[in-house]
Amino acid sequence: MNFDPRFSGRNFTSVGTRPIRPDGVDKVTGRARYGADFNMAGQLVGRVLRSPHAHATIRKIDTSKAEKLPGVKAVITSTDLPDLTDGDSAMYDILDNCMARKKALYDGHAVAAVAAVDARTARQALKLIEVDYEVLPHVTDVDEAMKHSAPVLNDTIFTEGVEEKPTKPSNVTKRTQYGHGDVHEGFGQADFIVERSFKTEQTHQGYIEPHACVASVSSDGTADLWVCTQGHFVYRQHCAQLLGMEASKLRVTSSEIGGGFGGKTHVWAEPVALALSRKAGRPVKLVMARDEVFRASGPTSATSIDVRIGARKDGTITAAEATLRYSCGPYAGMWAELGAMTAFACYKLDNVKTVGYEVLVNRPKTAAYRAPSAPMAAFAVESAVDELAKEIGMDPVEFRIRNAAQEGTRSSYGPVYGPIGIGPTLEAAKNHPHMKAPLGKNQGRGMACGFWFNFGGQTCTDLNIGMDGSVSLAVGTVDVGGSRASLSLVAAEELGIAYEQVKAVVADTSSLGYNDMTDGSRGTFSSSMATISAARNAIKILRERAAQMWDIPVDDVVWEKGHAIAKGEKYGNLAALSLKEIAAASGKTGGPIAGHSELVADGAGVSFATHICDIEVDPETGATRVLRYTVVQDAGKAVHPTYVEGQYQGGAAQGIGWALNEEYIYGKDGRLQNPGFLDYRIPVCSDLPMIDTQILEIPNPNHPYGVRGVGETSIVPPLAAIANAVSNAAGVRMTHIPMSPPRILAAIEAERGG
Amino acid sequence: MRYIRPLSMEDAVGQLAGSSGTAAILAGGSDLLVRMKGGFIEPDLILDIKAIDGLSEIRETAEGFNIGAAVSCALMGESAALKGEWPGIVEAAKLIGSKQVQGRCTIVGNLCNASPAADSVPALVAAGARALIAGPGGKRTVPVEAVPTAPGKTSLAKGEIIEAILLDKRPPRSGDAYLRFIPRTEMDIAVVSAGVNLTLDEQGVVKSARVALGAVAPTVLLVEEAAEALIGRKLDEAALERLAKVCSGACRPIDDKRGTVEFRRKVAGVLARRAATTAYARAGGK
């Protein structure tokens, strides 16, 4: 297959239009099947027993009483999920997180599970399981966990990435460093230096749909898993490895997904459900309650970040430095490293240095959350950038434009940029009417920039042409944001047919080759590349079949606007053959017509955004109101502009929640105080203004249509943009996220000299 | 678990008094069902009062208003008469949960849930509302503030059911208002709240006043000193300052996930002042 993924300019027919999504009607009428909507005859109800302690040694678990309760069909502990990870420490961590082995490492850590005939029996059975804990001292704060006096979560951890190997174990698993030049020299050239410390609290992705699955293990060792996930192929690999199965014997079917945002890239309950089903010999349905979602599934890191930036009077940044400490939960991660990589990615810097520390704490295992780690780093950096502009006396947009990275800039994390959108988004923001709109009393405006890498990865796609000329597109990337519509547009574009003629589905793991997860904003980027490739392969066959029907050489057949056309004057009398006509004859010309594609989608173009927002602060209560919000972002090429806008708006909405109210609140006992949507405050509709969007299209040279991922960058600037707006409105620099009313009021009172 | 739906108050009281184990009264269910689904309670008896004659009505009597225990907060919002007389109570009822929740929830349920942060309670306390209680020994009437005794606890005896909330007829030049602080715009629970009820004389001087604060103590506080700060004065800046100061001082709040002690103290004063200003304007004060 000689697929050329390079960008080539073209005029689009389908791509760039806004048809209705194929999954829309089912979703708005309640017919769509989400994770908890699958059911099997004879299925049992699975429930998980969770540690009430933040840190405790598990001395003994006695399940005998629970096993004797009528209606209980299986009780499992870690002994039912033996360690088969063979030295793979990342997989061992996943296993230990699914079911605690020697220690419970956070409030909510799973320690046992039951499968019973109904929910009531399962609940009663959990109460009959006796766990003998030895409660240990715990630590939940990222800065506290770094202190020498902090309780050590894992005494086999010795900080990596430091010059001398430490002699003592600690909670710092790794130190990483990025940058170039000499920051010491750079600060020497600075006329102004801003130095600040920032904190951000832990947030959850807040997907509306809790984790849910049905597992069915047959006595012959094969198994089925229906599950809400962002990556059923990855779930298959992980579950198969943890349960000692061959991957091909486990078929995983992904359901519709009620939000994931990174949190459904990780297995939590699925291996447990499979182990229960294996032991009970019956299908097991396991649905997390909301409090379990909060206590035991993927929040993002809490962070503590120091930033120092210096600039000359003319507004040129001479040096930039940051130290970033990110909580990982109880298992090693690379969250601070991602923060260290992204922190200064928007800027052209001669001297830059970032250092990241990965820190273990007694909180749930950190999982990816939409552009993981970048929003917090951007909050710290963009707050300091705003303050520096103010000190120099420059407009914050002009200051950023002056220092923005360009094509050819060496990025702060290493690579040299190709064509990028940071400059254009800043120029667009500068010229946006929002920037000039008047502000009232107690109102402030803020803006900020953001960056995300984007990802490509392994992708496999099938395109099958039915005898009626309709096209089924089977993709392996879960549709989290309208990708079935977008990919149908791409197939229609390549084949030259109507969008309505294409039906895209997400195929199960037995129907396609391996696909990476829908993460890294790769869904539409990579699967559209694979769809283009598959469609071009199908077109090759369509041309061959037409040639056969006409009995002419295939080289004389071209494909245009959904038709085979015999090229050259000698075929002047041959009427073009439509896709439908060729498909109808396929039974006689060699059988079904299909195009297949498997590829690694390299060259995901990096993505930049600039956000502007206006906030009103009530100086007597610290209450905030978001008055206006504008997102400007580079999409490369917006395949389905409505869904691109949806991604922009969704990222901004989540960022607004994170910036203003969302946070994990732990008590002194190390228990999560707010595991529910009442006290974990995501924004409701009336909290948000209409989020205005502007799509820029700076083509990605590594995609045939120029597409870049768009899903994640939109959550990077909001924390900083809102912090800058609140700081301007309240007249005091806010350095702690979320900027909840008590924090804002306390800052205002402190500024007043209270 | 047994579910019953009696048609008369006598039957309801009898069934409740005669029940063994734990019993729960179901009206809107917006607290009860959440607690049951969360696995916090598993009552042996659920007694649904919605079918009891007259309990789903708002009646205007010679004495004032009688709001049945099964009247939804949404229905209160649809009563022009009630809204005209007691706008503060209606706005409190219409702040609970969301539109959907308001279609189910009741102010009696709100009162009996005995949360210090209950939205309608400070407004009812400020209004001097009374609870009409039916029980095995007959009927009795108590001020609403006598019902909750601690978070989650009430003074109701076994077999007793609140039948209605009673509101007196208003003297002329009266107005009430309720404000709560939440970090969001809706679907939230009060961090601090304040209800103010005023009656003015012909010159616009405050003749009588009641001020109640929510979420700043184990039960809703009726702050008499705050009322005294207003009585005998027009609502000038000095009176408002004094009101705010007294309210902040009366708070006995805690630090918790919803707010700090300092925040609650400060904002209790701010809200009392703002609610008093609104109530004063509603009473025709200038």
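Tutor: Start with a term. A crossing is left-handed if the near helix is turned anticlockwise from the far one by less than a right angle, and right-handed if it is turned clockwise. Keep in mind that this is a predicted model.

Now the pair. In chain A, helix α11 (residues 374-392) packs against helix α20 (residues 718-730). Their axes lie 7 Å apart, at an angle of about 35°. The crossing of α11(A) past α20(A) is right-handed.

Which residues of α11(A) and α20(A) make the contact? From α11(A) come A:Pro375, A:Met376, A:Ala378, A:Phe379, A:Glu382, A:Ser383 and A:Asp386. From α20(A) come A:Leu719, A:Ala720, A:Ala723 and A:Asn724. Sorted by class, seven residues in this contact are nonpolar, two are polar and two are charged.

Three strands of chain A form an open sheet in the order β4-β2-β6, with antiparallel pairing. As a rule, strands of a sheet pair through backbone hydrogen bonds, either parallel or antiparallel. In this sheet β4 (103-104) and β6 (130-135) of chain A are the edge strands. Each has a single partner strand, so one side of each is left without a neighbour in the sheet. Strand β2 (residues 56-62) of chain A pairs with β4(A) over two bridges, in the antiparallel sense. One residue pair can be named there: A:Thr57 has A:Lys103 of β4(A) as its bridge partner.

Chain A also touches chain B. The contact takes 19 residues from chain A and 17 residues from chain B. On the chain A side, helix α21 (residues 741-751) gives the most, with four residues. By class, that side of chain A has eight nonpolar, six polar and five charged residues.

Last, the partner itself. Chain B holds 11 helices and 14 strands. Its radius of gyration is 19 Å, close to the 19 Å that the globule rule gives for 286 residues, so chain B is as compact as a globular protein of that length. The C-alpha trace of chain B spans about 55 × 45 × 35 Å along its principal axes. Of the 286 residues in chain B, 49% are buried. Take the contacts in chain B between residues at least 6 apart in sequence: 64% of them join residues at least 24 apart.

Note on methods: Residues are numbered from 1 along each chain as its sequence is written. Chains are lettered from A and ligands numbered from 1 in the order in which they are written. This is a predicted model: local features need pLDDT of at least 70, side-chain atom pairs count only at pLDDT 80 or more; totals for chains, interfaces and linings use all residues. The radius of gyration is taken over C-alpha atoms; the globule rule is 2.2 Å times the number of residues to the power 0.38. A residue is buried if 20 or more other C-beta atoms lie within 10 Å of its own, exposed if 12 or fewer, and partly exposed in between; C-beta atoms are placed from the backbone. Two residues are in contact if their C-beta atoms, placed from the backbone, lie within 7 Å. Ala, Val, Leu, Ile, Met, Phe, Trp, Tyr, Cys and Pro count as nonpolar, Asp, Glu, Lys and Arg as charged, and the others, Gly among them, as polar. Two strands pair if DSSP finds at least two bridges between them. Axes are lines fitted to C-alpha atoms, for helices over the stretch in contact, and angles run from 0 to 180 degrees between N-to-C directions.
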